[in-house]
Amino acid sequence: KIGDLTNGQSEPLTTYFTDHPEKFPPKGAYVNVYAELMGFFARNLWRKIWEEITPSPDDASDGDGGGDLDFAVKLEILCSVEDCQPEKRMAALNKNGDGELTIGEIHDALRSVVGLSVDENEKSLAEFVFSFADTDNDGKVTLNDFEIFCSEMPALYENQKWRLSYPKQKRAVSAVSKVM
């Protein structure tokens, strides 16, 4: 159906394919752009959660007493299977301690760890992130999924070193936002 391809979002595409049905791709030959974009976004959010819950060694800090990890040290931990500590990562997110991460716990992490403003009743984004975090596709996110993710992280970060070489700076609070 044309509505499946355009999702009702593009009047020009709807008009074009209505006028030229022979140009319409055969069923199964096109990509659901919404699902692809949500999948990409979910992978990036899971990686963001993963980076934020990186266990830090007790003696690693930036030297100012604030306890923030030096970026080079954090990058080394992110890229190391030995320092990955899946148990600590699971504990950081698994609030009820049952050994299974729920969609609700991921939803909470999107708010508390990533800092997104998420609606309490709308959990479709958390569901997409959950589906990415479930690496073995058993319908659950368990310690096994965290261990699999740990083993895959070095290759992922090796491909992303260019991005990781330029960490985002913390935003300064402007005078305008202080007044508000």
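Helices here are DSSP runs of H or I with at least four residues, strands are E runs of at least two, and both are numbered from the N terminus. With that in hand, the protein chain reads α-α-α-α-α-β-α-α-β-α-α-α from the N terminus on, which comes to 10 helices and 2 strands.

Keep in mind that this is a predicted model: local features need pLDDT of at least 70, side-chain atom pairs count only at pLDDT 80 or more, and totals for chains, interfaces and linings use all residues. Residues are numbered from 1 along each chain as its sequence is written, and side-chain values use heavy atoms, with hydrogens and water left out.

pLDDT is the predictor's confidence in each residue, from 0 to 100. For the protein chain the mean is 76, and 66% of the residues reach 70 or more. Over residues 59-67 the value is below 50, and this stretch has 9 contacts in the model beyond near neighbours in sequence (a contact means heavy atoms within 4.5 Å). Residues 172-180 also stay under 50, and there the model has 1 contact beyond four places in sequence.

**The chain as a whole**

Of the 180 residues, 29% count as buried, meaning under 20% relative accessible area with a 1.4 Å probe and protein chains only; exposed means over 50%, and partly exposed is in between. The chain exposes about 11900 Å², with carbon and sulfur atoms supplying 53% of that. Take the contacts between residues at least 6 apart in sequence: 53% of them join residues at least 24 apart.

Start with helix H7, residues 124-133, where Leu 125, Ala 126, Val 129, Phe 130 and Ala 133 are buried. These residues sit on the same side of H7 because they cover an arc of only 140° around the axis, the arc being that of the directions from the helix axis to the C-beta atoms. Two other helices pack against H7, as the table shows. Axes are lines fitted to C-alpha atoms, for helices over the stretch in contact, and angles run from 0 to 180 degrees between N-to-C directions.

| Helix packed on H7 | Angle | Axis distance |
|---|---|---|
| H6 (residues 103-112) | roughly 110° | within 9 Å |
| H3 (residues 33-52) | about 70° | 8 Å |

H6 is thus roughly perpendicular to H7, and H3 and H7 are roughly perpendicular to each other too; that label covers 65 to 115 degrees, while under 35 is roughly parallel, over 145 roughly antiparallel and the rest oblique. On the H6 side, Ile 103, Ile 106, His 107 and Leu 110 meet Leu 125, Ala 126, Glu 127, Val 129 and Phe 130 of H7. Between H3 and H7, the contact residues include Tyr 34, Met 38, Phe 41 and Trp 46 of H3 and Phe 128, Val 129 and Phe 132 of H7.

Helix H5 (residues 86-93) buries Pro 86, Arg 89, Met 90 and Leu 93. An arc of only 100° puts these on the same side of H5, with Lys 88 and Ala 91 exposed on the other side. In the loop between helix H4 (71-78) and H5 you'll find Cys 84, buried at a relative accessible area of 1%. Cys 84 touches Trp 50, Pro 55, Arg 89 and Cys 150, not counting residues up to four places away in sequence. The C-alpha atoms of Cys 84 and Pro 55 are 7.5 Å apart, although 29 residues separate the two along the chain.

**A positive phi**

Asn 137 lies in the loop between H7 and strand E2 (141-142). Its phi is near 55°, a positive value in a residue other than glycine. Most residues other than glycine have a negative phi. With 64% relative accessibility, Asn 137 counts as exposed.

Notes
Accessible areas come from the Shrake-Rupley method with a 1.4 Å probe; for residues, only the protein chains shown count as cover.
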